[in-house]
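These are my notebook entries on one structure.

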Amino acid sequence: MAALVHDEPWADWMQSWSPAASWLAMTGRPPAASADLVRRRQRDLLEHAHARSTFYRRHHGRHPGALMPAWEDVPPVDKPTLMANFDHWVTDPAITRAGVEDFLADRSRIGEDFLRRYAIWTSSGTSGEPGIFVQDSGALAVYTAMLESRMDRRFATQRWWPMAASGAFGPWGLQPRSALVAALDGHYASVSFWRRQCRFNPVSGSASRAFSVTQPIEEICAGLQEWRPAFLASYPSMLAELARQQQAGRLRLTPLALWAGGEGLPASTRDWIESVFGAPVINDYGASECLSIAFECPHGRMHLNDDWVVMEPVDADDRPVEPGTPSKAVLLTNLANRVQPLIRYRLGDSVTMHPDDCPCGNHRPSFTIEGRGDDTLRLRDARSAEVRLSPLAVTTVLEEGADLHRFQLLQTSPDALSLRLDDSLSSDPARLRERALTVLRDYLRRQGLPEIKLSVDAAPPSVDAASGKLRQVIVMAD
């Protein structure tokens, strides 16, 4: 039993949690994590990885009797390297790449536990390299606790009661409903975690409903209007489209709060969405590798969960950058997850750390982030009416329907799209291109856009010169 507690971060979490600390977190004034606590968790994670992971012992050059390396001397890792060494990376020998892929192939198991104790999440990432991430029960417990105690609570209970009493949420006001509009057809972190939480909390689960981001916008609006959620979560581009529908009178929701994630959220877009819905937009920063990296405060800063996450902003050569300087990437360490350790993992996000304390009173390190920069498609149907498509909806269709993971979709005119593919690893490039065009054509037809002209660009996908990221959806002309 002692070994189980040591391997899971539960004991460590309970030592650092108290009702007073939780109250401070909810009021937005928590202290930064103590340096001693973070160093202890870093050391424990390194020892665990060296004891249980063949890959990390080899990658860190650790041998019996060797001294523990200084943190800054620990070599970084990246997604392709970890995926290539999957079976030697995980710390539970019962987990194999073959077994995980069999689990992922069954979409009816989205949100279920692998081997009855692990969550499995997939991500293609902006680099186009597919990723498979295993989360243990301790990490999932930490994510849940942070979501419950650290999320911005601007919607507040004083708004809840009068709105419920007014009938804004329908007859279910005292059991507020929530809705997720996201990609539902894969083992993505958002929908998998959502379904897992609903399964473990049937009461909340009965008041939750998920809508596929690939549905026509009219169907999404109709479903949301019937459901009348008090809390609505989606990607910023989809929330912006729903705000446009609300402004046009095709949607009439009165939510308490909106939750955004998965894309960059410009301040002007947030302000407009909040003004249309009359509710705050709550933003967070997470990934399939680590669900809860940071939460945003009312001043627009992301506050790092520095007691469970180590984030090192670096340049192109993995050298630290000073606060106030945009990074080329970050080296991410997830201190909560022991089954698949992420230690100085290269994540291609550009962040700028703030050198000062945030005016909100939260003393955790704060930063701004340059998120994914994909564009919303603005196409014209046969009647010249504009139809907007969320970039994450389009990329989901291609990733799931055509098994593509490195591509670029260009809007070259209001009625034309051009697809760039990386078919260098395909045994049949012509078939790959045809499959991609077929699933894209079918999706456009369901959106009322059967006349859109599709073509394949002979050029390969190109990364953004400034960020080094692959922008998957780009509007070149509208």
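Entry 1, the strand β3. I began with β3 and strand β5 (residues 231–234), which pair in the parallel sense over 3 bridges. Strands and helices here are DSSP runs numbered from the N terminus, strands (E) of at least two residues and helices (H or I) of at least four. Two strands pair if DSSP finds at least two bridges between them. The model is a predicted one, in which local features need pLDDT of at least 70 and side-chain atom pairs count only at pLDDT 80 or more, while totals for chains, interfaces and linings use all residues. Residues are numbered from 1 along each chain as its sequence is written, and side-chain values use heavy atoms, with hydrogens and water left out.

Is β3 buried or exposed? I found that 5 of the 5 residues of β3 (residues 178–182) are buried, so the strand is largely enclosed by the rest of the structure. Buried means under 20% relative accessible area, exposed means over 50%, and partly exposed lies in between (1.4 Å probe, protein chains only). S178, L180 and A182 point one way from β3, A179 and V181 point the other way, and all are buried.

I noted 17 helices and 20 strands. Of the 478 residues, 54% count as buried. The accessible surface, by the Shrake-Rupley method with a 1.4 Å probe, comes to about 21000 Å², and 54% of it belongs to carbon and sulfur atoms. I also checked contacts (heavy atoms within 4.5 Å). Among those between residues at least 6 apart in sequence, 66% join residues at least 24 apart.

Entry 3, the sheet of β10, β11 and β12. This open sheet of 3 strands has the order β10-β11-β12 and antiparallel pairing. Its edge strands are β10 (309–314) and β12 (342–347), each pairing on one side only. Neighbouring strands are turned by 20 degrees against each other on average, direction ignored. Such angles run from 0 to 180 degrees between N-to-C directions, with axes fitted to C-alpha atoms, for helices over the stretch in contact. Helix α4 (residues 35–52) packs on the sheet and touches β10, β11 and β12, its direction making about 100 degrees with that of β12.

I counted bridges pair by pair. β10 and β11 (residues 329–334) are joined by 6 bridges, with V314 opposite A329. β11 and β12 pair over 4 bridges, with N334 opposite L342. In β12, 5 of the 6 residues are buried.

I used sets of buried Ala, Val, Leu, Ile, Met, Phe, Trp, Tyr and Cys residues joined through side-chain atoms within 4.5 Å. Which members of the largest core touch the most other members? Of its 62 residues, they are W89, I95, Y143, I293, M311 and F367. Helix α9 (residues 137–150) supplies the largest share of this core, 6 residues. Apart from it lies another core of 61 residues, among them A179, Y188, I273 and L454. I then listed contacts of I293 beyond four places in sequence, which include Y285, H303, V309, M311, L332 and L347.

I found 4 strands in an open sheet with mixed pairing, in the order β19-β18-β17-β20. The edge strands are β19 (453–457) and β20 (473–475), and the twist averages 25 degrees from one strand to the next. β17 (residues 407–413) and β18 (residues 416–421) pair in the antiparallel sense over 6 bridges; L409 has L419 as its bridge partner in β18. Helix α16 (residues 391–401) lies across β17, β18 and β20, at about 125 degrees to β17. Helix α17 (residues 429–446) touches β17, β18 and β19 and makes about 155 degrees with β19.

How many disulfides does a search of the whole structure find? I got 0, with a disulfide taken as a pair of cysteine sulfur atoms within 2.5 Å. C360 is in no disulfide, and the nearest cysteine sulfur, that of C358, is 3.5 Å away. C221 counts as buried because its relative accessibility is 4%. A222, in helix α13 (residues 217–227), counts as partly exposed at 47%. The C-alpha atoms of A222 and L251 are separated by 7.9 Å, and the two residues are 29 apart along the chain.
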